[in-house]
Amino acid sequence: MSSDDDVRRLALALPETEERTAYGTPAFYVGTKMFARLHDEPGVLVCWRADLGEREALLQGEPDAFFTTPHYDGHPSVLVRLEEVTEARLGEVLQEAWRARATKRILRDADTDTDADADADAH
């Protein structure tokens, strides 16, 4: 089970992420692009996917945790029931959303930092 506080903590831990307001709720941006926002409905997160295929995979594979409404038809985002996802799963979903919206430069910088951290850990 995850919470709004978990969303905020995990999202803001991602590189070059900041919190702003969108549609009257807290939203998380990488650069100029929103990748997630808390929904008007308590306990629900709107989260971007790379494409509609990824969204469908979540809807079919984990229907208790992920859903959509007609408002999001044709949009590569999915709604997440926070009470149905573990903190670890929420972290994965947020990172995937972040990667779907980050610029090539931000991704390259983040991947370079990850490679450097892995090299440091190996020594």
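Trainee: Why is Glu 87 called partly exposed?

Mentor: Glu 87 has a relative accessibility of 38%, and since buried means under 20% relative accessible area and exposed means over 50%, with partly exposed in between (1.4 Å probe, protein chains only), Glu 87 counts as partly exposed. Keep in mind that this is a predicted model, in which local features need pLDDT of at least 70 and side-chain atom pairs count only at pLDDT 80 or more, while totals for chains, interfaces and linings use all residues. Residues are numbered from 1 along each chain as its sequence is written, and side-chain values use heavy atoms, with hydrogens and water left out.

Trainee: What makes Arg 9 and Glu 87 a salt bridge?

Mentor: A salt bridge requires a side-chain nitrogen of Lys or Arg within 4 Å of a carboxyl oxygen of Asp or Glu, and the closest N and O atoms of Arg 9 and Glu 87 are 2.8 Å apart, so the pair qualifies as a salt bridge. Arg 9 belongs to helix 1 (residues 4-12) and Glu 87 to helix 3 (residues 87-101), 78 residues apart; helices here are DSSP runs of H or I with at least four residues, strands are runs of E with at least two, and both are numbered from the N terminus. Arg 9, at 43% relative accessible area, is partly exposed.

Trainee: How do you know that Arg 105 and Glu 16 form a salt bridge?

Mentor: Their side chains meet at 3.0 Å, N to O. Arg 105 is in helix 4 (residues 104-122) and Glu 16 is in the loop between helix 1 and strand 1, so this pair ties together parts that are 89 residues apart in sequence. Glu 16 is partly exposed, with a relative accessibility of 40%.

Trainee: Why do strand 1 and strand 5 stand at the edges of the sheet?

Mentor: Six strands form an open sheet in the order 1-2-3-4-6-5, with antiparallel pairing. Strand 1 (17-22) and strand 5 (66-67) each have a single partner strand, so one side of each is left without a neighbour in the sheet.

Trainee: What makes strand 2 and strand 3 a pair?

Mentor: Two strands pair if DSSP finds at least two bridges between them, and strand 2 (residues 25-30) and strand 3 (residues 33-38) pair over four bridges in the antiparallel sense. Ala 27 stands opposite Arg 37 in strand 3.
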